[in-house]
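The following exercises concern a predicted model. Please study the sequence and the structure before reading each solution.

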Amino acid sequence: MASSEKDITYEIIEEFIGRNQFNGRDVLCRRYLLNGIYLEDFSHHDFQALRDLEVNDDDVFVCTYMRVGTTLTQRIMLALKQDKSYVNVFDIFKEFPFIELNVGAFQTPQLAAVLPRPRWFKTHLFPSAVPRQIFEKKVKLIHVYRSCKETMISCYHFYRTGPPLRNFVEENFTFDNHFDRFMKGYYKCGCYFRYQREWFDYVFSEQGRSHCLAISYRDLTQRKEESVRRIASFIGIEPTEEAVARAVKYTTPKNMKAELVESPTIVRIDKGEDPTFTAEQTAAIEAKCRETLGEYADLVL
């Protein structure tokens with residue numbers, strides 16, 4: 001059984017009613033501190049219960065910051081397993097739960113109890129908040145990372161167009177506003193720099209290397225077939241050539257946009273023009289990466 005040790009602290013900073021622009025319904029938005037880390041969300045749950053989640057030896061966890069290729073990785077894994085289409089991310093979450101999601105039918109403990117083994121999970125949580133048995137049992141963990149600039153741009157478009165996250169930013173939201181928030185760590189998934197440092201410290205440690213796969217977004221998109229085969233080998237699938245080809249085909253940007261038609265902000269259809277970084281912003285990013293990430297800085301620069 002999972003330990004009953006209480007090692008989660010949770011402090012609400014602000015609650016307010018926002019609007020889900022997709023369905024016009026009110027949504028409770030919350031800014032809070034989780035183990036001292038600033039986060040924003042509209043899905044509320046018992047973080048201690050997630051920390052105490054019973055983990056099976058053959059579980060696989062995809063642990064990533066937001067907008068770095070998480071859904072892409074999930075889609076690769078699902079395509080390796082079966083030839084099936086998904087019209088929105090909630091269809092994916094039924095088979096590959098997002099453990100922080102706690103709305104309607106998506107309650108992690110209940111979903112985890114009925115999923116067939118091996119179970120696959122996704123999370124954007126810091127190491128200090130994920131199920132502790134991930135580390136105790138050394139289950140397979142995939143960590144996807146993406147360059148800081150690319151992540152920042154993708155997050156900007158997601159906040160700009162992605163309800164209900166739009167509730168967390170000012171009406172006249174600009175990239176300069178976004179840049180300041182991102183650099184200070186006032187973000188949905190917390191501080192990108194701290195997040196990457198903590199996960200890099202673990203996945204590249206002697207213990208982490210024994211059960212973790214670290215893979216870059218660049219490899220996922222530019223070396224697709226090689227990445228598909230790496231993931232398959234890591235999770236213990238011996239794919240047919242047909243399955244590899246299927247995973248490559250299903251996860252092109254064009255095909256993912258066409259497939260996930262009911263989740264247009266997950267794979268952006270009309271993202272608008274990408275912002276341009278000033279010389280000062282570029283210098284600030286490099287300095288922050290060097291200061292915070294140390295020897296890992298070049299992975300995200």
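**Exercise 1.** Identify the buried residues of helix α12 (residues 241-250) and determine how they are arranged around the helix.

*Solution.* Step 1: a residue counts as buried when its relative accessible area is under 20%. In α12, A243, V244, R246 and A247 are the buried residues.
Step 2: viewed down the axis of α12, these residues fall within an arc of 160 degrees, so they line one face of the helix.
Step 3: E241, E242 and K249 are exposed on the other side of α12.
Step 4: the packing partners of the buried residues of α12 are α2 and α11 (224-235).

**Exercise 2.** Decide whether T71 is buried or exposed, and state which residues T71 touches.

*Solution.* Step 1: T71 belongs to helix α2, which spans residues 70-81.
Step 2: the relative accessible area of T71 is 12%, and because buried means under 20%, T71 is buried.
Step 3: leaving aside residues up to four places away in sequence, T71 touches I92, K122, M256, L260 and I266.

**Exercise 3.** Describe the open sheet of 4 strands and locate the helices that contact its strands.

*Solution.* Step 1: the strand order is β7-β4-β8-β9, with parallel pairing.
Step 2: β7 (120-123) and β9 (212-216) are the edge strands, each pairing on one side only.
Step 3: strand β8 (residues 140-145) pairs with β9 over 5 bridges, and Y145 stands opposite S216 in β9.
Step 4: α2 packs on the sheet, where this helix touches β4 (60-64), β7 and β8; the direction of α2 makes about 175 degrees with that of β7.
Step 5: α11 lies across β4, β7, β8 and β9 and runs at about 170 degrees to β9.

Notes
Residues numbered from 1 in each chain as written. Predicted model: local features only at pLDDT ≥ 70, side-chain atom pairs only at ≥ 80, totals over all residues. Heavy atoms only, no water. Helix = DSSP H or I, 4+ residues; strand = E, 2+ residues; numbered from the N terminus. Buried < 20%, exposed > 50% of the residue type's maximum accessible area, 1.4 Å probe, protein only. Contact = heavy atoms within 4.5 Å. Arc of directions from axis to C-beta. Pairing = 2+ DSSP bridges. Axes fitted to C-alpha atoms, helices over the stretch in contact; angles between N-to-C directions.
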